[in-house]
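Subject: Structure handover and findings

Hello,

Please open it before reading on, as the notes below refer to it throughout.

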Amino acid sequence: MYKGIAISKGIAIGQAYILDRTKFCILQQKLNPDTVEAEVNRFRSAIEKTKLQMQETKKRTTEVADKYAIILDTYTLLLEDDILVNDTIEKIRNERMNAEWAVTETLEKFTHLFNNINDEYLKGKKDDLELVVHGIIRNLIGHSQESLSEIQKPVVLITHTLSPSDTLLIPRNLVLGLATEAGGKTSHVGIFASALGIPGVVGVKGLSSQVNSGDPVVIDGIDGHVIVNPSKKLLEHYESKRTSYKIYEEKLLDNIDRPAETVDGFQVRLLANIESAHEIKTLRKFGAEGVGLYRTEFLYMSSQNIPSEGELYENFKKIAQELAPLPVVIRTLDIGMDKQLHMFSQDDEDNPALGLRGIRMSLAYPDQFIVQLKAILKASLYGDVKILYPMVCDVAEVVQANETLEKIKEEFRLEQIPFNEDIEVGAMIETPSSAICADLLLKEVDFISIGTNDLIQYLLAVDRINENVAHLYKPFHPAVLKTLKRVFEAAKAAGKKVSICGELGGDPMATLFLLGLGNLTDLSMDPHSIPKVKKIICQSSMEEAKQIADHVLSLGSADEINNFLGEEMWKRFPSDFTRDAKFAENIISENE
Ligand code: PEP
Ligand code: MG
């Protein structure tokens, strides 16, 4: 059994199809001086062809893959990159080198450079560059796209990595599941696989050398396992796990139309985190009661230019109108760290997680902030729109942001531009300072929303995207839970709303603890998580949730808390918190 990172829930069982993307046979040739310019032109044509192929792929992008198309834009930009193109052309000219060899050398130079920089963001760029260069080489050597279209029967796809074009070409009906050696939880393969509902596991090191095409394989996208040549007993186990998971998923949808209300009448609104207007359909399917976090950065990422005020307004208005009277919380730009935008040329920062992120960036360069606030204010007429400031560390930041907002409101009043005068403004609590000073922040805002993804990273000093410290990223660390309690108490004292919009909000293991804090009003999460969280709330009482929260807060370590919650949840919801992973491990040890 191979362990990886589960990125898309479900079980797939089938024959392996190994997609080998990396092997090219490239010959080195010295050019005749009179063929050099023709070679440069051949290189340029290969680049153009690669661009066209990416545009074609983008056209085929369905709405569900919308976020995914953004990545293709990044790739097209790389194809226009001066260093990639000019360095290679220089090599062809100066060293009379054939284009395939020259572009491979350019790639090697950058791979070497990136390898020596300890920066996760740049490491990601290295993979992008590699995929783009392989596309060019394929066109240079006339190597047709190695075919996903050759797949004629249902298979489980195993590969080192998948390019965006590969992923978009996946024949949905024939790819039962997929596993890759590269990638992390938030990689594009993951986004796409879960959007299409294909069970998937990524980050399974060394997998493709352990499997042959045709081998029977199981992909367990629930617990993040890949099993090659499973024994009869294991196969039976996974067949029944697959069936029960399907039945279970469908059954969860039974509750989508009812509110999330405890047996003793305490209601929590379950909202969706979205990155694009296209997600409204998914949001409805899973019964979300509005949008608790609209990450607007992705709007910028999906466009070549900075979106205008008019474009932003239309986008916000559409979501507000479609969901009215349900709430739509629009977060102002939170770029920085792993979310960089090519149109804002930011200085390279040694430590971007602690750099110019979120509200800091908006206040340092207010132009875009003002454009966003204007668009949000105008859209506020069409629904229950709220504003949310990200990455707040200091009350002064909120005061300054609110002053900017007030100035715009004043300008609108003078120009008789209508907007909702009662629009609510909130601050994200995702840094230790904002958590500790939540009481002070609450004086300046109408509500707070806890971004646990960043809060955990900053409280525990553990980079949220670095796999080397992933084992130290502990959502159930006592420091995290005590901090949450403190923030909830501050909101209660201020008589204002507190919600959670980080991943912890959608983690069913955390639901009763969060509920037990007593004054939880909204939970915002990936829409797919809503049905299970709702089920837990509907079948529990506030009384028992409080007991659980009290007990959890008395425990001294993340392990103890995990064990306690694991046991409690399994006892209460045996069909929702199975011990399948342990069961499978037992079978393996019996067998091997
Ligand atoms: C968070 O940090 O928890 C959050 C919701 O914001 P993001 O994941 O976009 O940083
Ligand atoms: Mg955040």
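The model is predicted, so local features need pLDDT of at least 70 and side-chain atom pairs count only at pLDDT 80 or more, while totals for chains, interfaces and linings use all residues. Residues are numbered from 1 along each chain as its sequence is written, chains are lettered from A and ligands numbered from 1 in the order in which they are written, and side-chain values use heavy atoms, with hydrogens and water left out.

Helix H14

H14 runs over residues 395–414, 20 residues in total. Helices (H or I, at least four residues) and strands (E, at least two) are DSSP runs, numbered from the N terminus. From first C-alpha to last, H14 reaches 29 Å, close to the 28 Å expected at 1.5 Å a residue. That expected span is 1.5 Å times one less than the number of residues.

Which residues of H14 are buried? They are Glu397, Val398, Ala401, Asn402, Thr404, Leu405, Ile408, Lys409 and Phe412. These cover an arc of only 155° around the axis, so they sit on the same side of H14. The arc is taken from the directions from the helix axis to the C-beta atoms. Lys407 and Leu414, on the other side, are exposed. Buried means under 20% relative accessible area, exposed over 50%, partly exposed in between (1.4 Å probe, protein chains only).

The cover over the buried residues includes helices H12 (358–364), H13 (366–379) and H16 (438–442), plus strands S13 (384–389) and S14 (424–429). Contact here means heavy atoms within 4.5 Å.

Now the ends. At the start of H14, a side-chain oxygen of Asp394 comes to within 3.0 Å of the backbone nitrogen of Ala396. Just after H14, Gln416 has a positive phi of about 55°.

Salt bridges

The structure holds 28 salt bridges. The criterion is a side-chain nitrogen of Lys or Arg within 4 Å of a carboxyl oxygen of Asp or Glu.

Lys386 takes part in two of the pairs described here. With Asp384 the N to O distance is 3.5 Å. With Glu424 it is 3.3 Å. The Glu424 pair links distant parts of the chain: Glu424 is in strand S14, Lys386 in strand S13, 38 residues apart. Lys386 is buried at 8% relative accessibility. Asp384 is partly exposed at 28%, and Glu424 is partly exposed at 30%.

Shared partners join Glu297, Arg331, Asp334, Arg357 and Asp454 into one salt-bridge network. Within it, Asp334 and Arg331 meet at 3.6 Å, N to O. Asp334 is buried at 1% relative accessibility. Arg331 is buried too, at 2%.

Ligand 1

There are 15 residues around ligand 1, and Arg295, Arg331, Gly451, Asn453 and Arg464 come nearest. A residue counts as near if one of its heavy atoms lies within 4 Å. An N or O atom in the side chain of Arg331 is 2.8 Å from a ligand 1 oxygen. For a polar side-chain atom of Glu430, the distance to an oxygen of ligand 1 is 2.9 Å. For Asp454 it is 3.0 Å.

Thr111

Thr111 is in helix H4 (residues 99–115). Thr111 is buried, with a relative accessible area of 19%. Its C-alpha is 8.7 Å from that of Leu129, 18 residues apart along the chain.

Best regards

Methods
A polar contact is a pair of N or O atoms within 3.5 Å; within protein, one must be able to donate a hydrogen and the other to accept it, and residues adjacent in sequence count only if both atoms are side-chain atoms.
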